[in-house]
Amino acid sequence: MSDSPSRFRLFLAELKRRRVYRVTCVYAIVGWLIVQVVNAVFPNLHLPPWTATFVVVLVLLGFPIALVLAWAFEITPEGVRRTEPLSPEAAALAVRRGVPVPWSVMLAGMVMMSIAVLGVLNVGGWRQRLFGPGEIKSLAVLPLENHSPDPAQEYFSDGMTEALITELSRISALRVVSRTSVMQYKGTPKSMRTIADELDVDAVVEGSVLREGERVRITAQLIHARADRHLWAEEYVRDLQDILGLQREVARTIANEIQVKLTPVDRARFAATARPVNPEAYDAYLKGRYHWNKRTKQDLLTAARYFFQAIEKDPNSALGYAGLADCMMMCGWHGFMEHRMAFAQGKGAALKALDIDSTVAEAHTSLAYAAFYLDWDWAAAEREFRRAIELNPHYPGAHHWYADFLSAMGRHEEAIPEAVRARELDPLSSSVGSAVGWALYLGRRYDEAIEEYRKIVGAHPNFVPGHFFLGLAYEARGLFPQAIGEFQMAISLSDSSVAYLAALAHTYAVAGDRARAASLLEQMKRLSTQHYVSGYWIAEIHAALGEIDEAFEWLERASEEPSSWMVYLRVDPRLDPLRSDPRFDALLEKVGLRKVIAQPKAA
């Protein structure tokens, strides 16, 4: 033990004599400089992301090799030769003198330690700077800027953004944030890093659209936002009739740049030749989508007119028929058109779209929606929802409405994760976000539903359905004053929607205020002689008032309408007062919900 310190000092002396200290310092500094040059220069050369990582790995692997060579060899005037060990006398002299650690090894150690700390703690994104940006598994396509001279062409740039999102979202291995969420960053001054953090994505695509007559120029660049690194940029110019091929080419190039794993189906789709479009029809389709995305009554009706124009210009426009199907479904659900007519037209348009192109996920979703709410064909609805998700795993609408379907079937443990998945794909959408609260409410997890809806109305105070759904959850928990306040807010914001009047009347009834409940009930019955009022809503008020016979009478009417709300007959908490009556089982049998068997979870 007594000679151990001497041996250690002798080892340090050998390191100094063989210039290992000096090599360590020089290699660490040169290696650090190489990493900086690589990170600064390689992105501008548009080299693949792996090339920078490859160079950094070579630098790291070369370090121990350099130390071994410094120990074993020395450079002399006669050339490179093996380093001879110290003689016993020289070794003893080195031990007696002692060997202080030189400044060079301390400097080298500080450099290597700094690199290690920056990499491990990822301070300021330095792990990505040192070792490359890492694998990209999620991205967001930010709104493409309209560089056309005409500001009215905004619908066109928005349409190109949505189309690119749709193309990329079909890649099963890549999570792509939906249009609703990214459009909230239109014209934002926020940094790429901030946007990526808020959307929880690895990379973003940004660019611009310039339309000049029948020519379209799209510029796009891919940025690893968290590493603050430009990975790729390109410009494309095409005729408008080749726009579908252009969208597919941009998506394929991005997929290649980020080296995402493509399935055989993905590769086949990218390899297929896109069908030329009729420029006038496609222009009308984009205008339809522009208005459809606003979701107001007037905009939905305007969108329907544009979709009809697209179909008139091109009878083989699968996109036009798919857009019309979406429009009709929304008009039917919100009561902007007569329920049965709207859903029937939507179903017909979806079938026509699929006759033209069976791979349109949106059309499969609309068909599933009609099978669910209009036909009460549960097997067909599930089949179409699953097919839509298979074709486009990242279409939030399919996950959203599939979650509603699973809830109606009583499969709550499947519905809630499906709703969460929809929210992950469209994190800033109040409509998609409400799907989670609805699944929790129908699963009778009221406190969690209240928490979800409080977040939604806090972020979107004018989102009317959020107040409605929060009111339902409050009522289920017995918090009647809070429920009444939310329903009154929904009524005020919606210009006295009948659905929200019915919910307020129901809460008055269960809270014991029969006079106000009865007054609103009579008001609704008068309104039902002027325009559509679902018998389902009136039945629930009678049930809350203890008027069981009247409740069943109106539910029978609702089953004949048919009211889309009848699909929730099996799970709606507001119908609990009727469940012990034999007539309720008969009604479930009529609707086809009495013997719904839980199906295995979709793969």
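Predicted model: local features only at pLDDT ≥ 70, side-chain atom pairs only at ≥ 80, totals over all residues.

1. Leaving out residues up to four places away in sequence, Met192 touches Leu142, Val204, Glu206, Ile223 and Ala225. Met192 and Asp228 are 36 residues apart along the chain, and their C-alpha atoms are separated by 7.7 Å.

2. For the chain as a whole, the secondary structure comes to 28 helices and eight strands. Of the 603 residues in the protein chain, 53% are buried. Among contacts with a separation of 6 or more, 62% join residues 24 or more positions apart. The accessible surface is about 27700 Å², and carbon and sulfur atoms account for 57% of that area.

3. Helix 15 (residues 339–356) can be checked for length. It has 18 residues, which at 1.5 Å a residue should span 26 Å; the C-alpha atoms at its ends are 26 Å apart, so the two values agree. Its buried residues are His339, Ala342, Phe343, Gly346, Ala349, Ala350, Ala353 and Leu354. Because these residues cover an arc of only 135° around the axis, they sit on the same side of helix 15.

4. Where is His394 placed? His394 is in the loop between helix 17 (378–391) and helix 18 (396–408). With a relative accessible area of 3%, His394 falls under the 20% cut-off and therefore counts as buried. Its side chain reaches the backbone oxygen of Ser169 at 2.7 Å. Apart from neighbours within four places in sequence, the residues in contact with His394 are Ser169, Ile171, Ser172, Leu174, Arg175, Val176, Arg421 and Leu425.

5. Two residues other than glycine have a positive phi and could be inspected together. Phi of Trp376 is near 55°, and Trp376 belongs to the loop between helix 16 and helix 17. At 14% relative accessibility, Trp376 counts as buried. Phi of Arg444 is near 65°; this residue is in the loop between helix 20 (430–442) and helix 21 (446–459). Arg444 has a relative accessible area of 37%, which makes it partly exposed.

6. On backbone geometry there is also a cis peptide bond, which joins Glu561 and Pro562, with omega about -10°. Pro562 is in the loop between helix 27 (548–560) and helix 28 (582–591).

7. How many aromatic pairs does a search of the whole structure find? The search finds 25. In the pair Tyr155 and Phe156, the ring centres are 6.5 Å apart and the planes are at 85°, so the pair is edge-to-face. Tyr155 and Phe156 are both buried.

Methods
Residues numbered from 1 in each chain as written. Heavy atoms only, no water. Helix = DSSP H or I, 4+ residues; strand = E, 2+ residues; numbered from the N terminus. Buried < 20%, exposed > 50% of the residue type's maximum accessible area, 1.4 Å probe, protein only. Contact = heavy atoms within 4.5 Å. Areas by Shrake-Rupley, 256 points an atom, 1.4 Å probe, with all protein chains shown as cover. Polar contact = N/O pair within 3.5 Å; in protein donor to acceptor, adjacent residues only side chain to side chain. Expected span 1.5 Å × (residues − 1). Arc of directions from axis to C-beta. Phe/Tyr/Trp six-rings, centres within 6.5 Å; stacked < 30°, edge-to-face > 60°.
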